[in-house]
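Me: Please take one part of this structure and go through its packing closely. Then follow the neighbouring parts in the same way.

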Amino acid sequence: MAKERMLRFVNVAREMPEKRPPNLRAQDFHEIYREFAADKAAEQASRCSQCGVPYCQSHCPLHNNIPDWLRLTAEGRLQEAYELSQATNTFPEVCGRICPQDRLCEGNCVIEQSGHGTVTIGSVEKYLTDLAWENGWVKPIKPARERTESVGIIGAGPGGLAAADVLRRAGVQVTVYDSYDRAGGLLTYGIPGFKLEKPVVMQRIEQLENGGVQFVLNCTVGKDLTFDAIRGQHDAVLIATGVYKARDLAVPGVGAKGIVPALEFLTASNRKSFGDEVPDYDNGTLNAAGKRVVVIGGGDTAMDCVRTAIREGATSVKCLYRRDRANMPGSQRETQNAEEEGVEFVWLSAPKGFTGGDAVDGVMVQKMRLGAPDASGRQMPEVIEGADYVEPADLVIMALGFEPEDLPNLWGQPELGVTRWGTIKADYKTHATNMLGVYAVGDIVRGASLVVWAIRDGREAADAMLEFMAQGAAVAAE
């Protein structure tokens, strides 16, 4: 555990200079970190029991061959370990950093279940892939032959990029359309740099560009380009837009200055890390420096917000969640990280309004208790009458989750099938929608979910589109 704590300290200190001992440069921390990471990767990989029933693999959405690449790592066969890890995962360096391993592979490790502490699979995956990039083991995209078929992908997030990778390696002509000025979606603008360093994302996008994927950025479908135009230019279309519409609260004072959506707050911080001009960050609207910050929500986005606020220099950061710790939807590991960095969690608390008039100065909090379970089995929060109080706040960040936009209406495609939640209806395996040649993956189908599921969806959809186009070519040849 001492080595684990030291590694964590060094990693935090690289991002937060105020926590470094004096007279140590950032490069020193990088070298120390890599030394500890290499040592820890070998140590952790050797702990894998090579059990007969690899629950770690079955609980990974990508079904990565975790036991075998851990064995190769323990044997020092690092390039082989990397090649095996990336065989089923388009972006292993991303998953090694941001997957909630405590809920997936590591949480189902046999050693963890026996009470001896999990093998830290994510950190080994991260180490292997960083080493691969440094040593040139990551191969460029070079199709064996070029094909005439083309696919248009709407959305440059993890699902769209994973599909683009598979399709381009097969020689298909791929064009990715995205409303942002940089590709990557939430990988670029939604996830903080201390969890997912932006050069890590940009190097994959550069690989795709060098491999022939075309990116059309600053392009909002339904506004700058019609869906029909995209469909007319390509043999198949993949919808991978994600879900960006923030959920809101209908309570008194919600429109006050200083109450901001989580994604706007995170995007501003990420844009600053790129060196962009961000007026709302510079004028303090989307900047936590010197403020009492309250984040409302208990998911992974809320954890990203509280940890970002700490790094921006907030005087205090509190997270309000209406259930208790055991019922949080976010990663328990992230919660622990946030607590270690100074975040205070206020459990069983929900907002009922905001004080301050035009500019927020507090959150009216109602205390809760957990009552009877609902249909899903989770205990429902109930209000404790007479236990209200006001939590002082200069900046309130709403991290209540996301909902899909009304794509059939926005794109003029009323026939596009959607569920009662507004997500797109798609086959669970092929990801085909009810429109011929149109597929959909990721959060726009699942609702707000994990990056690793979007990667799996994108890879599966790419395989299905390849089969669809092959069938079309066969018919045309008859």
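Reply: Start with helix α4, where D68, W69, L72 and T73 meet L78, E80, A81, L84 and S85 of α5. Contact here means heavy atoms within 4.5 Å. By class, this contact has five nonpolar, two polar and two charged residues. Nonpolar covers Ala, Val, Leu, Ile, Met, Phe, Trp, Tyr, Cys and Pro; charged covers Asp, Glu, Lys and Arg; the others, Gly among them, are polar.

This is a predicted model: local features need pLDDT of at least 70, side-chain atom pairs count only at pLDDT 80 or more, and totals for chains, interfaces and linings use all residues. Residues are numbered from 1 along each chain as its sequence is written, and side-chain values use heavy atoms, with hydrogens and water left out.

Now the geometry. Helix α4 spans residues 66-74 and helix α5 spans 78-86; their axes come within 8 Å and cross at roughly 165°. That makes α4 roughly antiparallel to α5. The cut-offs are under 35 degrees for roughly parallel, over 145 for roughly antiparallel, 65 to 115 for roughly perpendicular, and oblique for the rest. Axes are lines fitted to C-alpha atoms, for helices over the stretch in contact, and angles run from 0 to 180 degrees between N-to-C directions. Helices (H or I, at least four residues) and strands (E, at least two) are DSSP runs, numbered from the N terminus. The α4-α5 crossing is left-handed: the near helix is turned anticlockwise from the far one by less than a right angle, whereas clockwise would be right-handed.

Helix α4 also packs on helix α8 (residues 121-135), at an angle of about 60° with the axes 11 Å apart. That makes α4 oblique to α8. This crossing, too, is left-handed. From α4 come I66, W69, L70 and T73; they meet I121, V124, E125 and L128 of α8. These residues divide into six nonpolar, one polar and one charged.

Next, a sheet. Five strands form an open, parallel sheet in the order β6-β14-β7-β8-β9. Strands pair if DSSP finds at least two bridges between them. β6 (259-261) and β9 (344-346) are at the edges with a single partner strand each, so one side of each has no neighbour in the sheet. The twist averages 25° from one strand to the next. Helix α15 (residues 300-311) packs on this sheet and touches β7, β8, β9 and β14; its direction makes about 170° with that of β8. Helix α13 (residues 262-274) lies across β6 and β14 (395-398), at about 80° to β6.

Strand β7 (residues 292-296) is mostly covered, with four of its five residues buried. Buried means under 20% relative accessible area, exposed over 50%, and partly exposed in between (1.4 Å probe, protein chains only). Five bridges join β7 to the parallel strand β8 (residues 316-320). V294 stands opposite K318, and V295 opposite C319.

K195 sits between α10 (186-189) and α11 (198-210). At 15% relative accessibility, K195 counts as buried. Setting aside residues up to four places away in sequence, K195 touches R97, I98, D304, R307 and E334.
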